[in-house]
Amino acid sequence: MKIHTCILCVLFVCSHLFSQEVVNRGADEKSLSRSEYFSWINNTNEGPSEKQTLINMDFFEWLRNEYGMELDIYAFDAGLIDGKNFYGDMESIRFKQKFPDGLDTVYRKAQKNGMRLGMWGGPDGFGNTLKSAQRRKDMLVSLCRDYHWALFKFDAVCGPLREDKESMFIEMMKQCREYSPDLILLNHRLGLKKAEEYATTFLWEGRESYIDVNSSNTVAATHNRVGAMSRGHAPDLRRLTEDHGVCLSSCLDYWEDELVLQAFNRALILSSQIYGNPWLLSDEEYPKLARIFNLHKRFAECLVSGMKLPESYGEYAVSRGNDSVRVVTLRNLSWLPRTITVRLDEEIGLKKGKRVVCRMYHPVERISGIYSYGQSVEVMVLPFRSLLLSVSSDKCIEEFGVEGVDFEIIKDVSGKPVEMRLLGFPGTEANIRLTGVSDIEKVEISGKDVTKSVTRKNGVKISFPGEKYTEFYHRKLVELFPSSIPRDAAALYEATVFAADNNALEVRSLYRSGNTKIAQVKAAREAFFTQPAFINRGVWDKNLFDGRMNTLFGVSKIKGGRRIKGGCFRLDLGHSLFVDSIRIKVNNEYMLQPLMMAEGNFARISSDLKTWESILFLADTTMNLKIGKEMRYLKLNPFPEAIAEVEVYAGGKKLNSENFRASNLFADAVKCAGAWNGNFSLRQVPKGSYLCVAINGRHGIEGAYATLKVDGRYIGAASRAVSYPANPWENATVLSDSNYTYFFPLDKSMEGKQIEVFVLGYESDKLNLKPEVWITAYPIPYEEKLMKVYRR
């Protein structure tokens, strides 16, 4: 009887186990990654439009045609159908106004370029009746049935999934995956219960990557992305995790270091993954963007398995791959270069072989050499940067490259010549040899035919022009020590706040990258900056000088704009000139506030930041400030919080405003509580060099500023980590009370000059600071030669 009962129990358990449904999550830990762009902060919660989406897709089509970059998923973020605190549908007037052709046009465009679509939304929306629930389910299932949908990013911003709707949600996901079996469901801060196993990922740490909005530095550093680069390992190196990708909208310098870690170190199911406005990069950076995406595709199968490396490899080092190919990512989160010894054996997951080929792919490409299995190779990881290395044993397939010099592959597209930059420091020479290509027709370096010599054993000698560097381009220059408060402390402060701005972070990125020669980049930039939502938020000082009363520059109220001690309106004319008058216009009395009609107020003007004169004017919707003298700078406090136009007149004519700039968030005159000072001179200034004035310690929010004096000339810092307060496009910049780093670009005119550095502290109980000055350069200050390889 007991035996019979046990058999029945076993049969029941087995029957139960075999009857349990195997849940399709759209991917598993061994699935290959999928590259993605999603449109958050290209649009915000107002949502995308068909027109802007097609322009964005033109940009990715250009990258595909020009550099062979493949994007797997183009995902609409907030506002396509659902929005903050509401659920929508594709039959609504709102949707049809934005997408008059439905999704058909963008779907065809995506298909043409090998992309699939995805969307942001909420997990519920089923309403309170069976009819409304069925309507919601049918709409989302239709995306998979009709458009081969690739991704749902369900976010609690729309609202939670009600517990009594979980069964409906599960049924919907089952039906969606009948049409799109690999549909990824991102669990973006949802409190799922029964439905949790149908989600593919969860949002790791609940964090985003919008630099100096959602992610920022906690230490002084050479750039603003060190906080993002400091993120550690995903739990157990799980790839079904979402890290929210790499934001390309703000603080763009060193974006590639963060993307290398996202794509190769974490190598999540969505990688390489970017969002925001990649068209804000400079023209010179697109080959690198495409190269990272292309390399990730090449190594995709190797990246699904990873292992943590010992502490000797630095912070959060990871090796991914199989027995014969390993992809190693390293990082250095300190001010000094770090040499790391990489063992070419099982320590990095490489099984026994005869020879091992080492090749670096980032921050530059380098064929490190061929070694015996079990040997070690030393690599130098630069300060606050990442490094990408491939290590391959016997089964390695050689790839195109150059021995003897650092290089960067610009373009390697079938049917076109391979283009690459050969890189070397000024005044150096190198013997180089082309490897990994057997079907060469012709090779040119700087337009010169070197076909016969470049593949020989001894190769060809090249030299790089310029004076050889006598010191390493990155180094500490001086520590600053406490000093008496300078008599011109007020002018030093004004120099930096006049050099800075309070524009949206995206505007700063536009200025950083400069003009573009690429039509698709230009169109995507224009589509972003001319969209009504961006213009109407009044977050660009350019609106003051455009001759239009329907645009403005104001103190943003979006999510708590960051006015410092009430703020102050500042106007910089770019250089000192004789001014008859300045007209300041607002649209109505409400926008004039806190100024009151017909009351007298004072503006202050200066030519040198040291001597200021007060100018009386009467408040009105058009305020006429009578100047009648030389000036460059104007300060207004109190000031209207939303100014429509500023016009400057001389000789009875309105002056060209091309060089005019304005800000409105920085504090007016503040009392200095402490000072630090140091000086030095530079014999050489490598190209791309800048000073980092690192203020180590707790100084309070906006409690410390840095300024230079060069030959008695004040030079302010136009940028800083963490970023200066901005009138935000989407959300306010972070508040930080410690470890600011001020950045000062250098140029040849500063060589041999005495450079004096001042740090001023403004909180008397927070003066235990240790400021120091470093010089560095971005990108690495190489000279370069262009190599073209024509293949048969």
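A helix axis here is a line fitted to C-alpha atoms over the stretch in contact, and angles run from 0 to 180 degrees between N-to-C directions. The model is predicted.

**Exercise 1. Decide how helices α2 and α9 are oriented to each other.**

Step 1. Find the helices. α2 covers residues 50–67, and α9 covers residues 286–298.
Step 2. Read the geometry. The helices pack at an angle of about 80 degrees, and their axes lie 11 Å apart.
Step 3. Apply the cut-off. Angles of 65 to 115 degrees count as roughly perpendicular. Therefore α2 and α9 are roughly perpendicular to each other.

**Exercise 2. Describe the contact of α2 with α9.**

Step 1. List the α2 side: Phe59, Trp62, Leu63 and Tyr67.
Step 2. List the α9 side: Tyr286, Pro287, Leu289, Ala290 and Asn294.
Step 3. Sort the residues. Eight are nonpolar, one is polar and none is charged.

**Exercise 3. Characterise the second largest pocket.**

Step 1. State its volume: about 460 Å³.
Step 2. Look at the lining. It has 18 residues, and Leu510, Glu526, Phe529, Trp540 and Lys542 are the closest to the pocket centre.
Step 3. Name the elements. α12 (505–513), α13 (519–529) and α14 (532–536) each give two or more residues to the lining. The largest share, four residues, comes from α13.
Step 4. Sort the lining. Seven residues are nonpolar, five are polar and six are charged.

**Exercise 4. Find where pLDDT stays under 50.**

Step 1. Start with the chain. Its average pLDDT is 94, and 96% of the residues score at least 70.
Step 2. Locate the stretch. pLDDT stays under 50 over residues 5–19.
Step 3. Check its contacts. For residues 5–19 the model has zero contacts beyond four places in sequence.
Step 4. Draw the lesson. Where pLDDT is low, predicted coordinates should not be read in detail.

Definitions and conventions. Residues are numbered from 1 along each chain as its sequence is written. This is a predicted model: local features need pLDDT of at least 70, side-chain atom pairs count only at pLDDT 80 or more; totals for chains, interfaces and linings use all residues. Side-chain values use heavy atoms; hydrogens and water are left out. pLDDT is the predictor's confidence in each residue, from 0 to 100. Contact means heavy atoms within 4.5 Å. On a 1 Å grid over the protein atoms alone, a cavity is a set of points where a 1.4 Å probe fits but cannot get out, and a pocket is an open set with protein on both sides within 12 Å along at least five of seven lines; lining residues have an atom within 4 Å of a point. Grid points are joined across faces, edges and corners, and a volume is the space filled by probe spheres set on the points. Ala, Val, Leu, Ile, Met, Phe, Trp, Tyr, Cys and Pro count as nonpolar, Asp, Glu, Lys and Arg as charged, and the others, Gly among them, as polar. Angles under 35 degrees count as roughly parallel, over 145 as roughly antiparallel, 65 to 115 as roughly perpendicular and the rest as oblique.
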